[in-house]
Amino acid sequence: MKNIPYFSRLIYLAAIFIPTNIVAQISTQQKPPSSNPNIIFILADDIGHGDLSCYGAKSVRTPAVDSLAKRGILFTHAYSCASTCTPSRYGLLTGHYPWRLKNTGIARGDAPMIIKPGQSTVASFLKYSGYTTGVVGKWQLGLGEGGFNKQAWNDSITPGPKQAGFDYSFIMAASGDRVPTVFIENQRIVGLSKNDPIQLDYPNPFKDEPTGKANPELLKLVPDESHDQAILNGISRIGYQKGGRSALWVDENIADTITTKAVRFIEKNKNHPFFLYFCTNDIHVPRVPHPRFIGQTTMGARGDAIVEFDWSVSQIMGVLKRLGLENNTLIIISSDNGPVVEEGYKDQSHEKLGKHTPGGPLTGGKYSAFEAGTRVPFLVSWPGKVNPGSSNAIICQIDLMATLSALINRSLPAGSAPDSYNELNVWLGNSTRNRDFIVEQSIGTLSVIERFYKYIEPSPGPLREDYSKIELGNDPDPQLYNLKEDTGEQRNLARQYPARVKVLAEKLKDIKTGVFVRPGFNEPKVKIEYRLSKLKHNE
Ligand code: CA
């Protein structure tokens, strides 16, 4: 941890956000030493702290994930950067807190790219360290530039993952419930016919195209009023879409399709160090798992989608075993944010939940400032290199870049990943040292955790999320919890310990203004400031 001198703080505060041009800084591709492992980050969507059997779930079995946990290290106090998809993924890939940047709220499918071309990412860093890099699955970090719906959907869509450092990409632009409902491979829509170009429009419906609102008889899932727009594959979405019929995905086949692409990427790059960022569609809504998973649990679509996620993990493990890559591959499994039971569609997840607790003992869920918002499953497997077991060390996904930098013994580019610390010893199970502090971002506020005390900044936001009724953790007064004695954040100690509240509030203020940045981060290329925007569903 570094306390930045006053003069440098002024420079940080004065600096204008300029994406760090690491492409220019590291122009020569260098082969890594052969001891560097392949790296696979499997990022689930909306899987909660209590959703996997290795984390105590009883109503669903996840044998593939469990076996990785058994031979690796399972973390009980691991955090994503934010309690929603887009900012969480931005922080994971860049090591830059999303709340330092504008427009990192939940991205629409036609949003411009948030990561600017040339900005350092874990992919660009590894690429220019000699890795072949690939992203498969959900992206939701925006595509193209120049504003909403400015993408060349029927041509090459750029900038995109390639400009963020990925040699190969096979992605969904946003989430399954948002248009466009097509796969995009290396920045071109897969299977598009020139005779039937695709068009998007988020605010306005296309004339004569069915919508969930006007044509409920065409639907196989009943939507809420924010998901009742274009109907594609019998499911209404957020946003409107027309044409591109030959390119439309079939929701029931998404897991099969993207898992196959991930497996092929591994096969193709088996003789060379690779980095695969595999982002599953499971278990985000709409949850329509393949028919072979229907009924695998008693929890309906949400439980069956967890089984489908586990199947995807099993396929990755299978190809690594088949190719003899198991011992030389570091696998991390985590989730982008906490759980939501029913959202957007009536899929009976509430009715069929039974005794299952998606967030385990934690309060809140997706969107929330309470722990279930960002405390997520996280396990690391690397046979022979990870010290197996479980760890209650406090860790965060924001540290991926600096930790991998230490793993491959190569410095990060100047001005990159200001908020990312090297936690390699902890991630490999050789230390249980807690991260010095954790910042959690909800849709309404920020929290900071230090030595098991958690401070939630006052926020005027709503108490509960509109549809899911998840407790958001907003309060106009300060909140202080002792997470060691009060896992469920039921006893606000702020009035009892005003001095501790003051210390943590100051700490958060200092983090916002750039006092605490990565040791070695010494270039004022990234603006260090606080810009938490008020996020909404359709932002
Ligand atoms: Ca998510």
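First, the ground rules. This is a predicted model, where local features need pLDDT of at least 70, side-chain atom pairs count only at pLDDT 80 or more, and totals for chains, interfaces and linings use all residues. Residues are numbered from 1 along each chain as its sequence is written, and side-chain values use heavy atoms, with hydrogens and water left out.

Now take domain 1 and domain 3. Domain 1 brings 58 residues to the contact and domain 3 brings 49. Contact here means heavy atoms within 4.5 Å. Between them the two domains bury about 4400 Å², with 60% of it on carbon and sulfur atoms. Buried area is the accessible area (1.4 Å probe) that two parts lose on being put together, summed over both.

What about polar contacts? Across this interface there are 15 residue pairs in polar contact, both residues at pLDDT 80 or more. A polar contact is a pair of N or O atoms within 3.5 Å; within protein, one must be able to donate a hydrogen and the other to accept it, and residues adjacent in sequence count only if both atoms are side-chain atoms.

On the domain 1 side, helix 1 (6-14) gives the most, with four residues. Helices (H or I, at least four residues) and strands (E, at least two) are DSSP runs, numbered from the N terminus.

Next, salt bridges. The whole structure has 29. The rule is a side-chain nitrogen of Lys or Arg within 4 Å of a carboxyl oxygen of Asp or Glu.

Look at K454. Its side chain meets that of E371 in a salt bridge, 2.8 Å from N to O. K454 also pairs with E489, again at 2.8 Å, N to O. K454 lies in strand 20 and E489 in the loop between strand 21 (479-482) and helix 10 (498-512), so this pair ties together parts 35 residues apart in sequence. Shared partners join E371, R375, E440, K454 and E489 into one network.

Are these residues buried or exposed? K454 is buried, at 0% relative accessibility. E371 is buried too, at 0%. E489 counts as buried at 3%. The cut-offs: buried means under 20% relative accessible area, exposed over 50%, partly exposed in between (1.4 Å probe, protein chains only).

One more pair. D251 forms a salt bridge with R237, with the closest N and O atoms 2.8 Å apart. D251 is buried at 5%, and R237 at 0%.

Finally, two single residues. T121 sits in the loop between helix 4 (85-94) and helix 5 (122-127). T121 is buried at 1% relative accessibility. Its side chain reaches the backbone nitrogen of A123 at 3.1 Å.

W139 is in the loop between strand 4 (132-138) and strand 5 (168-172). W139 is also buried, at 1%. The W139 side chain reaches the backbone oxygen of G142 at 2.8 Å. Beyond four places in sequence, W139 touches residues including R89, L93, M113 and F166.
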